[in-house]
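Dear colleague,

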There are 2 protein chains.
Amino acid sequence: MIEVNDNFRELPVSYLFSEVGKRIAAFKKENPGKDVIRMDIGDVTRPLFPSVIKAMHAAVDDLSSASSFHGYGPEQGYAFLRDAIARNDYAERGIEGIEASDIFVSDGAKSDLGNLGDIYSPECSVAVMNPSYPVYVDDSVIDGRAGTFVNGRWDSLTYLECGESGSFMPAVPREKVDVIFLCFPNNPTGEAISRNELKKWVDYAKNNGSLIIYDSAYEAFVRQPGIVRSIYEIEGASEVAIEVRSFSKTAGFTGLRCGYTVVPKCLKGVYSNGEEVSLNSLWNRRQTTKFNGCSYVAQRGASAIYTAEGMADVKRASDYYLGNAKIIKDAFEAIGFKAFGGVNSPYVWACSPEDVDSWELFNLFLGRFGFSTTPGSGFGSAGDGFVRMTGFNSRENTEKAMSRLVEGYK
Amino acid sequence: MIEVNDNFRELPVSYLFSEVGKRIAAFKKENPGKDVIRMDIGDVTRPLFPSVIKAMHAAVDDLSSASSFHGYGPEQGYAFLRDAIARNDYAERGIEGIEASDIFVSDGAKSDLGNLGDIYSPECSVAVMNPSYPVYVDDSVIDGRAGTFVNGRWDSLTYLECGESGSFMPAVPREKVDVIFLCFPNNPTGEAISRNELKKWVDYAKNNGSLIIYDSAYEAFVRQPGIVRSIYEIEGASEVAIEVRSFSKTAGFTGLRCGYTVVPKCLKGVYSNGEEVSLNSLWNRRQTTKFNGCSYVAQRGASAIYTAEGMADVKRASDYYLGNAKIIKDAFEAIGFKAFGGVNSPYVWACSPEDVDSWELFNLFLGRFGFSTTPGSGFGSAGDGFVRMTGFNSRENTEKAMSRLVEGYK
C-alpha cells in the first residue's frame, strides 16, 4: 500500500458545516412536523441578476457554433474579465497600481486559499484569526504547517485572538510570523476593519517580511466610511499582500464557481539561496500547471456584474442581505443577547449574557425556536459562547425566525 | 520577504505549449502574408452538442429564479451526474463495483492530476512515461518529488521509456515505485494499451504496493476491440488505481471545465504509523477543504452527454476528429515518415526516416508548409525526433495542411 500524507491523520474527520447539517437532519427526523429555518446558511438564496443570466445565455450560445466557440481559455482568466476587475474594483475606487496582469481569475476563493500553499515554503509559519473560517486551519494542516493538535490547538500555528474585549480585532503578534490569513469583513464575526487598524498589519508585514493573505470575499457588504474593502487601500500593501475575492456572495455565484486572486507583481519572495522571485510569477506557474482556467460561461456572467446595471444589482442584492442581518441583530439585542457584525457584513455574531456554550445555544435555538445557527466554537476556541447567523435566507424566513425568537424568549 | 517553495526554482520557466505559441506568433509576425494552420492544437474546435446547449440554457434559467436556484453544490458533484457516470461509463460497459460515491466531479483532469499530490506522502517515488504530458513531471517538481534536474532528467523520477522499439509501451520497472502516472490512449504518442499489457501494470502495482494514476482523458476515441477504455476493466485494478477523466475531449468541454476522478473505496493507503486509510476518504477531505465543486451549469451540460442523443453526439464528434487523425497519418506515411497513433486517439506521432530533431521538424513544417506541430522533445527526451499532431482542427484545415505537405514535400 502507498504511504499517504500523514497530515490528514491529525485532521478532525468532520467539517463544521457537515456536522451542523447532520444535526439538523437528525432533529428533523425526530421532529417530523417542525419546520426548521436555516439561519446558519453560508450560501446565497437570491437568483442571479437578469444581466448575468443574459450574459450567460449568450455565452452558451457562443459555444453552440464553431465560429464563436471558446475552448481552453487563458489559465489566468479572459482579458475581458481581468480588465473589468482591474478597472472597476481597483482603479475606479482610487486604488492605483493594480493591473489586469496582477489578477488571476479562478473557480473560487476556497480553491485559491488552499492552493496558494503551493507557492510558499513548507517551513513558513502561519497565523490565523481565532475564530476564523475553518479552511485556513485545515489547509495549513494538510500542507504540514500546523504541527500537532494539542489541547484544542495546533502547536505550530499562531492564533490571533479576536475576542469581544478587543472588539474582535486581532493584535499584531510579538514574534515574526511568515504567512498571516486575515479576513475582513470577517467570517464569522461579521466585524469589518478600519484603515487605521489594517495599516498596523501592513506595517507589521513590512517590518517582518511577512505575507498577508487577505480574504475580502465580503467586501461588497461594506457600507461605512473608513472601513476597508481592499487591502490595497493601504499604502505599500501591494508589496506584502495577496488579496482573495469571490463573486459568490457579491453576485450569488456560489453555484457557478468564479472568483479572483490578486498577486501584485511587486510582491516578492525569496528562495533559500537568497534569490528573489515575484510571487506573481510563481502563482502563474502554479496555475498554468495545476489549473486550466475558469468556465467561459461563468466568466461571461461575472463580466456582466461590471456593467451599470450589474453594479446596481450587486448593491441591491447586498442591501437585501444586509437588511436581513439587521433584523437578526435587532432581534438578538431585543432578547438581551450581545450581537456583533451585521453592518458591513451579512454575518451576525451573538452570545448570551450568561455563560452558555455554543452547542447549547445551537440546541436551544433549534429546539425551542426552530431555527439553525452555526456554533461559534466550530470557528476556533475564541468562538465558544457565540453562534453565527447569516442574512442569506429570504426576508420572509428571517422575519419568521426572529419573530419566533423575540416572542418566545424569556 | 517570505521564503518560497524552492522547487519552483528548478522548473523550466516556459511551458511547452506557451513556447510553441510564442514561436508561431513570431513566425506570423515575420511572415505577415502566410496563413498558419494549427496542427499542434490540443484543444477541440467543434461546437458543443445541441443536447448539451439545451441542458445548459435550462441550467442558466434554473439560476434565474429563487425557487429553482442552486447555490453551493456538493464538492463531490451532484448525484444526477455521479449516478449517470457510474451507470454509463462503468456498469453498462460491464465494469462492476464502481459506485457513484467513488466518483468525484471536478473542474477538469489537469486540476485533479495536480491536486492528487496532496494525498500521498511527499516521500513517495514517482514514475512517468517518457514521453508524457508535461504536467505529471511539473506537478511532481512543484511537490518536491522530482529531485534535481541533471542532464535533462529529474534524478528522483523513474522514467518509463516508450520508444518505437517497444511499440511505445512502457515496461514495468525492476525497482519499486510508489506512484505511477499512466496515460492511455496516450498523449503524445496516440498509442492505446491492450488489456494484456495493462494487466502487467496492475499486477506490478499489487506486488509492489504502488498506486497507478491512470489518465484516460481520451477513452472516447478507443475503437478497437481488446483496447482498454478504463483501467477498471482489469480485475483488481480498483485496489491499486485512481482513474482521471475529462469531458474536455469527449464532448468539447475544454472551455467549460468539467471532468471526474474515480477513487474506489477499496483503494487503501497507509499512514507512517501503519494505520490503513481509504484514499477515497482522503481525497474527499482534500476536495471538501480546498475545492468547492464544479459549476452547476457545466454539470447539467455534462449530464446531457449521457442521454441517447448525447451519446450519439459523442460518437459522431470523436469519429470526426479520428477522421482528421487518419488524414494526418496517411499524409505522413505518404511522404515516407513513420506515423503512429491516430487509430484509438486523436493524436498522431511522427518522425522522419532520417535523423532530424523535433524543433527542426517543427521549423520545417511551419516554414515550408505553413502548419504547426508540437515538438516531441517537449514531452521528454524519448520524444526527440518526433512531432505530435492532432485531429482537433477542422476537416477542411486538416485536408489543406496535409495537401500542402504531400504535394510540396520531396
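A salt bridge here is a side-chain nitrogen of Lys or Arg within 4 Å of a carboxyl oxygen of Asp or Glu. This is a predicted model, in which local features need pLDDT of at least 70 and side-chain atom pairs count only at pLDDT 80 or more, while totals for chains, interfaces and linings use all residues. Residues are numbered from 1 along each chain as its sequence is written, chains are lettered from A and ligands numbered from 1 in the order in which they are written, and side-chain values use heavy atoms, with hydrogens and water left out.

**Between the chains**

By the salt-bridge criterion, B:Glu275 is joined to A:Arg9, with 2.8 Å between the closest N and O atoms.

On the side of chain B that touches chain A, helix α9 (residues 279-290) of chain B gives the most, with seven residues; helices (H or I, at least four residues) and strands (E, at least two) are DSSP runs, numbered from the N terminus. By class, that side of chain B has 35 nonpolar, 25 polar and 22 charged residues, where Ala, Val, Leu, Ile, Met, Phe, Trp, Tyr, Cys and Pro count as nonpolar, Asp, Glu, Lys and Arg as charged, and the others, Gly among them, as polar.

Taking contact to mean heavy atoms within 4.5 Å, 82 residues of chain B are in contact with 82 residues of chain A. The two chains bury about 7100 Å² between them, 59% of it on carbon and sulfur atoms; buried area is the accessible area (1.4 Å probe) that two parts lose on being put together, summed over both.

Strands also meet across the chains, and two strands are said to pair if DSSP finds at least two bridges between them. Strand β12 (residues 268-270) of chain A and strand β1 (residues 2-3) of chain B run parallel and are joined by two bridges, with B:Glu3 in β1(B) as the bridge partner of A:Val270.

**Salt bridges within chain A**

A:Asp118 and A:Arg286 meet through their side chains in a salt bridge (3.0 Å, N to O). This pair links distant parts of the chain, 168 residues apart, with A:Asp118 in the loop between α5 (109-115) and β4 (126-130) of chain A and A:Arg286 in helix α9 (residues 279-290) of chain A. Both A:Asp118 and A:Arg286 are buried, where buried means under 20% relative accessible area, exposed over 50%, and partly exposed in between (1.4 Å probe, protein chains only).

A second salt bridge, between A:Lys176 and A:Asp178, has its closest N and O atoms 2.9 Å apart; A:Lys176 is partly exposed at 45% relative accessible area, whereas A:Asp178 is buried at 15%.

**Strands and a loop of chain A**

Strand β7 (residues 157-161) of chain A has four of its five residues buried, so it is largely enclosed by the rest of the structure. Five bridges join β7(A) to β4(A), the two running parallel, and A:Tyr159 in β7(A) stands opposite A:Val128.

Elsewhere in chain A, four strands form an open antiparallel sheet in the order β14-β15-β18-β17. Because β14 (338-341) and β17 stand at the edges, each with a single partner strand, one side of each is left without a neighbour in the sheet. Strand β15 (residues 347-351) and β18(A) pair over five antiparallel bridges, and A:Val348 has A:Met389 in β18(A) as its bridge partner.

A:Gly385 lies in the loop between β17 (374-375) and β18 (386-390) of chain A and is buried, with a relative accessible area of 13%. Its C-alpha atom is separated by 5.7 Å from that of A:Val356, 29 residues apart along the chain.

With best wishes
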